[in-house]
Amino acid sequence: MVDALEHLQPPNTLRLNAQAQALRSVHSVAEIESALAWARAQALPVLPLGEGSNVVLRPQLDALALLVRLSGRELLEEGRDFITLRIGAGENWHALVVWTLSRGYYGLENLALIPGTVGAAPIQNIGAYGREVAPFVVAVHARRVSDGKQLTLSAAECEFAYRDSVFKQALADSVVITHVDLRLARSPATNTEYPALRAALDARGCGDDVNPQQVFDAVVALRRARLPDPALEPNVGSFFKNPIVSHDRAEALRGRYPDLPVFPLDAQHCKLAAAWLIERAGWKGHRAGGVGVHPGHALVLVNYGANAAPVLLALATEIQATVARQFAVQLELEPRVYGVAP
Ligand SMILES: Cc1cc2nc3c(=O)[nH]c(=O)nc-3n(C[C@H](O)[C@H](O)[C@H](O)COP(=O)(O)OP(=O)(O)OC[C@H]3O[C@@H](n4cnc5c(N)ncnc54)[C@H](O)[C@@H]3O)c2cc1C
């Protein structure tokens, strides 16, 4: 049941060499059940993967890499104001955004062009340009790796937070998501507060009465202009999360660095721009040993040809150390790291 030995390299947009102990593409719930049963019989952990656009794979993966390829876009409920969709975990996220917009189902415009699959979207609660996927998620359906049991989690049970969810915490690496139920609006309700998006819309001559297609077009243009294409410069998008600190801590830092960007989050906390900290620490455009920090975007680490995770992770550790030294702020990795540590 396991794919041929020469196909043990899982896909990953960093193009890092990695060999899984076993690798299997699954296209249905039945195939997932059978793959999980096989892994249990072999006492192998399971690593579910979509398109590999948010993982750092070390050379040796002692796991069954499960490429989740379930398709399907089912209309569950159609109300006057909302519709509920059940989407197969293997569907491409951007293709879903394009499709929903074409059908007049609104809300996902700001999340256009985020690489990866629908099944991975809840894992880190994907977000961009002022929106996250969390408010659109009604339920997440999954199979438990340990016994194949079917689980359905409500949005509250997913414990969504900034680039975080229960799937990175209590349920980390222990379920395979099969479907995601999303609730979208039937009338446009655009969100254009994010400053870079608002500026892009203004530059395109869009007034206050912006429609979802205009938001989609602006987001796509912004992302194409700003983010390196993984096909040309292998990367996983942001390598670090934006750090969350107390207001007092942010104010103290602002005293020393008046141009430090600070985004208020709640009464106690605010978010700092990791890209600004990394750039200020002198890393933007740094390139050595086949890896580097993108010259146009300090949050993006690029594999220029090193082809193995350790050298990239060593660069990430160095960046974390200098940012901690200079600003006393700890940067946390955004992608998940898998494989046998050296
Ligand atoms: C150029 C670029 C830009 C990006 N921009 C953004 C952005 O703006 N906002 C953002 O939030 N992210 C962004 N990302 C990160 C990435 O696109 C998202 O995290 C995406 O959701 C990952 O999807 P994937 O299918 O590639 O997941 P993978 O990388 O394959 O997996 C990511 C994690 O999800 C788990 N997983 C995947 N599928 C399943 C499943 N079916 N069941 C259980 N677990 C699963 C994996 O085990 C792993 O832990 C960007 C990445 C790139 C390369």
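Start by selecting Trp99 and Tyr105: both are buried. Keep in mind that you're looking at a predicted model. Zoom in on the two rings: the centres of Trp99 and Tyr105 are 6.1 Å apart and their planes meet at 75 degrees, so the pair is edge-to-face; the label applies to planes over 60 degrees apart.

Next, pick Tyr257, Trp276 and Phe327 together. These three make up one aromatic cluster.

Now for charges on rings. Show Lys271 and Tyr162: Lys271 lies over the face of Tyr162, 4.1 Å from the ring centre. Then hop to Arg287 and Tyr304, where the charged end of Arg287 sits over the Tyr304 ring at 3.6 Å from its centre.

Switch to cartoon view for the sheet. Which order do the strands of the open three-stranded sheet take? It runs S1-S4-S2, with parallel pairing. Colour S1 (19-26) and S2 (46-49): these are the edge strands, each with a single partner strand, so one side of each has no neighbour in the sheet. On average, neighbouring strands here are turned by 25 degrees against each other, ignoring direction.

To see a bridge up close, click Ala22, whose partner in S4 is Leu64.

Last stop: helix H1 (residues 29-42). H1 packs on the sheet and touches S1, S2 and S4. Look along S1 and compare: the direction of H1 makes about 155 degrees with that of S1.

How values were computed
Residues are numbered from 1 along each chain as its sequence is written. This is a predicted model: local features need pLDDT of at least 70, side-chain atom pairs count only at pLDDT 80 or more; totals for chains, interfaces and linings use all residues. Side-chain values use heavy atoms; hydrogens and water are left out. Rings of Phe, Tyr and Trp (its six-membered ring) pair if their centres lie within 6.5 Å; planes under 30 degrees apart count as stacked, over 60 as edge-to-face and the rest as tilted. Buried means under 20% relative accessible area, exposed over 50%, partly exposed in between (1.4 Å probe, protein chains only). A charge sits over a ring if NZ of Lys or CZ of Arg is within 6 Å of the ring centre and within 35 degrees of the ring normal. Two strands pair if DSSP finds at least two bridges between them. Helices (H or I, at least four residues) and strands (E, at least two) are DSSP runs, numbered from the N terminus. Axes are lines fitted to C-alpha atoms, for helices over the stretch in contact, and angles run from 0 to 180 degrees between N-to-C directions. Contact means heavy atoms within 4.5 Å.
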